[in-house]
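Good morning, and thank you for making time for this item. Please have the sequence and the structure open while I speak.

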Amino acid sequence: MKILLTGGAGYIGSHTAVELLNSGHEVIIADNYSNSKPEIIDKIREITGKRIKAYEADCCEYNQMKQLLSNEKIDAVIHFAGYKAVGESVEKPLKYYRNNLDSAITMIELIKEFNITNFVFSSSATVYGDSAPPCDETMNTGCTNPYGWTKYMIEQIVRDVSVAWPEFSGVLLRYFNPIGAHKSGLIGEKNNGIPNNLMPYITKVASGELEKLSVFGCDYPTPDGTGVRDYIHVVDLAKGHVKAIEYAADNKGAEVINLGTGRGYSVLEIIKAFEKVNEININYKIVERRPGDIAEMCADARKAKRVLDWEAKESLEDMCKDSWRWEQNC
Ligand code: UD1
């Protein structure tokens, strides 16, 4: 298939491009590089040795995207493009609603116009709110920030479109906590400024760029009192997209699928695993809980196994090793 990745130069998009190319698909990237760099495209070429075409284009710009779709005969679209900083979304909600909803609606309007029936959307486990883990796809409790609400709303738009357009197939992938990087060390998560998420913060403490990790809370109702999350290697996540787009090609309707491992790790377990596998001491201190955080989040990953024949393979050790390799290269 010839697959368009919107936001394909980003963290998850670039890893997905590699896995699609390695599976024999053709990849076209559309990215406005608002939170990524054009150099990523060369890295994807370097890793795969395959041809890849990239357009500098904004999914909110109907005419730009229409031109792209007129130039290329696209079979399927994976829509990654969107803002993703939770904290910023609380401060600038309209920026998030405007951009994330507009880009998704524009893309869905266009795929309808061009009769492209296969669509995969990057959603997030954030739509489970503070549901009790493990979360399966039938739970849906709402969100705690505007970023999450944009995911929730776009999921609903895709479901509504699938009712009105019977030929359409939309897969809504709910990601848990992606970490790690490609084993080549050529692509990974790029952070501007001080990271908010745990693993990028740990790697910056390991490199000496940041002095100390703050562990947010040690009094949660979890085995060691620190927050538990379902961390998934970004390459496993990328492989889930290959399965999802192939599934979309053979099915109709909207389908929600978790991409997680089904296993949670606490903050202290992550620190210990990172220290052990990379032989580096991580300086940390326990501080107050971070507002808005929940105790535990973990996927029920059985639907992905049943429907997509996909499951996460990489270990926590690999996630820690690959995150650190990337930090040293980037
Ligand atoms: C957050 C977002 C989620 C997003 C995900 C990306 C919220 C509510 N959710 O999830 O929508 O998809 O990032 O991976 O913001 N921690 C520390 N110290 C730090 C950073 C984090 O102790 O400096 C702890 C947190 O308290 C939490 C765990 O590490 O227990 C994971 O935090 P983080 O990586 O920020 O991800 P989430 O908050 O789970």
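I shall go through the ligand site, then the aromatic pairs, and then several local features of the backbone and side chains.

Please keep in mind throughout that this is a predicted model. The distances, angles and areas I quote are computed from that model.

Let me begin with the ligand. Its shell consists of 20 residues, and the closest among them are L198, S214, R229, R290 and D293. By residue class, that shell divides into nine nonpolar, eight polar and three charged residues.

Which strands each supply at least two residues of the shell around the ligand? They are strand 7, residues 177–179, and strand 8, residues 213–216. Strand 8 gives the most to this shell, with four residues.

In the side chain of D293, an N or O atom lies 2.6 Å from an oxygen atom of the ligand. For the side chain of N197, the corresponding distance to a ligand oxygen is 2.9 Å. For the side chain of N177, the distance from an N or O atom to a ligand oxygen is 3.0 Å. As for the surface, the ligand taken alone exposes 740 Å², and the protein buries 86% of that area.

The second topic is the aromatic rings. The model contains six aromatic pairs, counted with ring centres within 6.5 Å. I shall describe two of them in detail.

In the pair of W149 and Y152, the ring centres are 4.9 Å apart and the planes stand at 75°, so the arrangement is edge-to-face, a class that requires planes over 60 degrees apart. How far along the helix are W149 and Y152 separated? Both belong to helix 6, residues 146–164, and because they are three residues apart, about one helical turn separates them. Each is partly exposed: W149 has a relative accessible area of 29%, and Y152 has one of 27%.

The pair of F274 and W324 is also edge-to-face, because the planes are at 70°, with the ring centres 6.1 Å apart. What does this pair tie together? F274 lies in helix 9, residues 267–278, and W324 lies in helix 11, residues 316–329, so the contact ties together parts that are 50 residues apart in sequence. F274 counts as buried, at 0% relative accessibility. W324 counts as buried as well, at 12%, because the cut-off for that class is under 20%.

Ring pairs also link F119, W165 and F168 into a cluster. Two lysines take part in charge-over-ring arrangements. The charged end of K112 sits over the ring of W165, at 5.2 Å from the ring centre. The charged end of K95 sits over the ring of Y83, at 4.8 Å from the centre.

I108 is part of helix 5, residues 93–113, and counts as buried at 7% relative accessibility.

Is S131 buried or exposed? At 9% relative accessibility, it counts as buried. A polar atom of the S131 side chain lies 2.7 Å from the backbone oxygen of Y128. The S131 side chain also makes a polar contact of 3.2 Å with the side chain of T141.

P134 lies in that loop between strand 5 and helix 6. The peptide bond from P133 to P134 is cis, with omega near -5°.

Finally, I would draw attention to two phi angles. Most residues other than glycine have a negative phi, and most peptide bonds are trans. E279 has a positive phi, near 55°. This residue is found in the loop between helix 9 and strand 13, residues 284–287, and is exposed, with a relative accessible area of 74%. D309 likewise has a positive phi, near 55°, and lies in the loop between helix 10, residues 302–308, and helix 11.

That concludes my presentation. Thank you for your attention.

Note on methods
Residues numbered from 1 in each chain as written. Predicted model: local features only at pLDDT ≥ 70, side-chain atom pairs only at ≥ 80, totals over all residues. Heavy atoms only, no water. Near = heavy atom within 4 Å. Polar contact = N/O pair within 3.5 Å; in protein donor to acceptor, adjacent residues only side chain to side chain. Areas by Shrake-Rupley, 256 points an atom, 1.4 Å probe, with all protein chains shown as cover. Nonpolar A, V, L, I, M, F, W, Y, C, P; charged D, E, K, R; others polar. Phe/Tyr/Trp six-rings, centres within 6.5 Å; stacked < 30°, edge-to-face > 60°. Buried < 20%, exposed > 50% of the residue type's maximum accessible area, 1.4 Å probe, protein only. Lys NZ or Arg CZ within 6 Å of the ring centre and 35° of its normal.
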